[in-house]
Amino acid sequence: MGCIHNQPASERFETVNGIIIEGDASRVLATLRRIKNSMLVWEAVGYERFHPEEDWIFETKSGRSCPRCLSLNGRVYPGDEVARIFPNHVPMSPTEVSARLHRNCGCRLRWINIKEMLQSRLHRESSVVR
Ligand SMILES: [Zn+2]
Ligand SMILES: [Zn+2]
């Protein structure tokens, strides 16, 4: 979990995904519940991975990569291209995949704009609800 910084009148909470929630304790709790519900809903409706709006960065295993992988280090791909360019990728976590560009490739792709995407989704969903 993230850390909680106490301030006189309000709480500041950062989730593992880097979303910052500010407000009094009840507001923070309500927002956290909303995020959790949204994620359950996305899971239930089969949230499509590798959305074009996602940004994934290619990262080599430090110092032990072939020239081909090194040339890709730091490149950012839209989600839909990750699936196309790295068809053998293996999911490691919801925000990280093993690239498997070739045999023994230890490189990874990491979803870097999850915070922005989650926030814009939450905003869109809450404006629909109200
Ligand atoms: Zn390589
Ligand atoms: Zn590699």
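**Loop, sheet and core**

Reply: Arginine 100 is partly exposed, because 16 other C-beta atoms lie within 10 Å; a residue is buried if 20 or more other C-beta atoms lie within 10 Å of its own, exposed if 12 or fewer, and partly exposed in between, with C-beta atoms placed from the backbone. This is a predicted model, in which local features need pLDDT of at least 70 and side-chain atom pairs count only at pLDDT 80 or more, while totals for chains, interfaces and linings use all residues. Residues are numbered from 1 along each chain as its sequence is written, and chains are lettered from A and ligands numbered from 1 in the order in which they are written.

Me: Where is the place of arginine 100, and what is its phi near?

Reply: Arginine 100 sits in the loop between S7 and S8, where strands (E, at least two residues) and helices (H or I, at least four) are DSSP runs numbered from the N terminus. Its phi is near 45 degrees, which is a positive value in a residue other than glycine.

Me: And asparagine 104, is that exposed or buried?

Reply: Asparagine 104 counts as exposed, because it has 8 C-beta neighbours inside 10 Å. Asparagine 104 is also placed in the loop between S7 and S8, and it has a positive phi of about 65 degrees although it is not a glycine.

Me: Switching to the sheet, in what order do the five strands come?

Reply: The five strands form an open sheet in the order S5-S4-S8-S7-S6, with antiparallel pairing; two strands pair if DSSP finds at least two bridges between them. Strand S5 (76-78) and strand S6 (90-93) stand at the edges with a single partner strand each, so one side of each is left without a neighbour in the sheet.

Me: How many bridges join S6 and S7?

Reply: S6 and strand S7 (residues 96-98) pair over three bridges in the antiparallel sense, and valine 90 stands opposite serine 98 in S7.

Me: Now the inside: which residues make up the largest nonpolar core?

Reply: That core has 10 residues, namely Trp56, Phe58, Val82, Phe86, Val97, Ala99, Leu101, Cys107, Leu109 and Trp111; a nonpolar core is a set of buried Ala, Val, Leu, Ile, Met, Phe, Trp, Tyr and Cys residues joined through C-beta atoms within 7 Å. Strand S4 (55-59) and strand S8 (108-111) each supply at least two residues of this core.

Me: What is tryptophan 111 in contact with?

Reply: Leaving aside neighbours within four places in sequence, tryptophan 111 is in contact with Glu54, Trp56 and Thr95, where contact means that the C-beta atoms, placed from the backbone, lie within 7 Å.

How values were computed
Contact = placed C-beta atoms within 7 Å.
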